[in-house]
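The sequence and structure come first.

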Amino acid sequence: MTKPSLPELLHAAVAAVGGTERPGQVTMAETVAEAIDDGSHLLVQAGTGTGKSLGYLVPALAHGERVVVATATLALQRQLVERDLPRTVDALHPLLRRRPAFAMLKGRSNYLCLHRLHEGVPQEEEEGLFDQFEAAAPTSKLGRDLLRMRDWADETETGDRDDLTPGVSDRAWAQVSVSSRECLGASKCAYGQECFAEAARERAKLSEVVVTNHALLAIDAIEGAPVLPQHEVLIVDEAHELVSRVTGVATGELTPGQVNRAVRRSAKLVNEKAADQLQTAAEGFERLMELALPGRLEEVPEDLGYALMALRDAARTVISALGSTRDKSVQDEDAVRKQALAAVESIHDVAERITNGSEYDVVWYERHDRFGASLRVAPMSVSGLLREKLFTERSVVLTSATLKLGGDFNGVGASLGLAPEGTRAEDTPVWKGLDVGSPFDYRKQGILYVAQHLARPGREGTRADMLDELAELIEAAGGRTLGLFSSMRAAQSAAEELRDRLDMPILLQGEETLGELIKGFAADARTCLFGTLSLWQGVDVPGANCQLVIMDKIPFPRPDDPLMSARQKAVDEAGGNGFMAVAATHAALLMAQGAGRLVRASGDRGVVAVLDPRLATARYGSYLRASLPDFWYTTDRNQVRRSLAAIDAVANAAEATATAPTAAESAVESAVAEPTVVESAEA
């Protein structure tokens, strides 16, 4: 039997998921197959609606070697494992003559721990363990959640937190889960044979496709101890998120609360001298943190240096003592000891890292209204780490709807440790960038409007002219607005002001769970949804209920963001343009993601409005605009209002009369196309 061609396989897979084959998807699949076959690396920008999941799954399955697919969001992991992979495997089985197995793999703390569930949680104040089910009042939400999880443990096949519906709070989940450091290990645990996390690892070892998340991929790369099974191909979806997720995993933190917990957990397990040494070091650190002011520490102050050395040395003493002391009075001492060891090792590692000091690390204080001060350390850049750990010994495909910034892939490539495209040198991974476009006709489906007449946004204070503009645009659109704000304070201020002015519901992030907010927004055309970072990337509402996407200002990082400002300064000192490499790239990525919320289907029409004149007037404005979908561009406020009103009128008519969608789309397209007349006149 002849080997099936890639177009045949793709056609079968697309039909199985009920999709439509797109030219961009075919191009992507062919190029991914080439990269896998010759062991090279590929960055693929595939716009919304391309069907990029099948664009990489089909060539990966056809190749026949083990593939790891890493994604940033739970939604995409679920889509791959519950929809795309089952249907694709079924569709390809007759052609491939085999049925590739697939599995999901996450970090250990995502799985319910049977030891903790049945034996209890190590106490912090006294020896032994306590039964969390008895400790939590059955009538409290925590008590109800714990009882529900106990019942769920008997039913679930995976023990995966994300399979528990409805979900539970982090506090409740912490009662029944352990980190990898706290785990006793399958061979020492009474429940090792039934362990959900171990079962997930075994399934992954036997699978051809392993779906995981960016965080576990980062842990696998950074910690050296392999978590993922050996694989020949790595596919990173939502790759625009990878650098921030890897940075998060590589960031260390010390807080007084964390240190005091380590003291309590270890106190009864070590000799008095070791316990007192750690207690004294903890008190010294806590006194210092009470005076900490937010900001970067270009050099570690002398008093902080002494406090950290004291913590490091005391933690080392406790770690040694934990290995030799046994206390017969402590119930299930191995579990208690393991949790104490994990807490103290974490303190030791961060204190030692900051004490040793590295020119490649950034150290800073943060202060939170609720949680107090913390000391943090993060890598100046993860590009070297990614180049070394990601792009050796396997083919890597990175894909997203937003990888091409300012017209090329080099900005994102540099953040991943890659030299400019086409560079050929020793120890430099060879890669290619590919933009397969989008099936949408952005110039006919959307307008990019920049409110050039508004005052330039300042760091503080209300923007009265911006709020006026916001209100007028929302009224013209009849609601249907997703408001993307650069800070939570700005989102709250706008919501409060416009709730008084406008007779339409305005939902605000934080007032309900994100899922409930998006559901409410999608259900009612007159509803608006305001929020910050997670809304820039996490909203998928096709259709007439999202026809206006507003960005209050260009989302540059805060000037006082210690990590971003340090990275920017480092680029400047190396002779580059730190602002463009760091701040503008950060803003371009977020704006591209935000603008992508507007057109989610071929029938969608609307406006992306940026209420920041700098997008039209500043030198970097053209770079940012080149990173956005190719919408029709205007600064004419009256034209935009007319277009929004026309779009709203057609949508209302379609809703009132249940008109066939094609008729509504045709009418709306003419409303959006109207500015081309203005464009000709201005030219």
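Which residue in E17 does Leu 484 stand opposite? The residue opposite Leu 484 is Gly 531.

## Strand pairing

The model is predicted. In it, strand E15, residues 481-484, pairs with strand E17, residues 528-531. The pairing runs in the parallel sense and covers 3 bridges. In general, strands of a sheet pair through backbone hydrogen bonds, in either a parallel or an antiparallel arrangement.

## The sheet

These two strands belong to an open sheet of 7 strands with parallel pairing, in the order E16-E17-E15-E18-E19-E14-E20. Strand E16 (506-508) and strand E20 (632-634) form the edges, and each pairs on one side only. From one strand to the next, the twist averages 15°.

## Helices on the sheet

Helix H19, residues 464-477, packs on the sheet. Its contacts include strand E14 (446-450), strand E18 (548-551) and strand E19 (606-610), together with E15 and E17. The direction of H19 makes about 170° with that of E18.

Helix H24, residues 578-595, also packs on the sheet and touches E15, E18 and E19. The direction of H24 makes about 160° with that of E18.

## Confidence

The average pLDDT of the chain is 88, and 91% of the residues score at least 70.

Over residues 659-668 pLDDT stays under 50, and the model has 10 contacts beyond four places in sequence for this stretch. Residues 673-683 also stay under 50, with 11 such contacts beyond four places in sequence. Where pLDDT is low, predicted coordinates should not be read in detail.

Technical notes
Residues are numbered from 1 along each chain as its sequence is written. This is a predicted model: local features need pLDDT of at least 70, side-chain atom pairs count only at pLDDT 80 or more; totals for chains, interfaces and linings use all residues. Side-chain values use heavy atoms; hydrogens and water are left out. Two strands pair if DSSP finds at least two bridges between them. Helices (H or I, at least four residues) and strands (E, at least two) are DSSP runs, numbered from the N terminus. Axes are lines fitted to C-alpha atoms, for helices over the stretch in contact, and angles run from 0 to 180 degrees between N-to-C directions. Contact means heavy atoms within 4.5 Å. pLDDT is the predictor's confidence in each residue, from 0 to 100.
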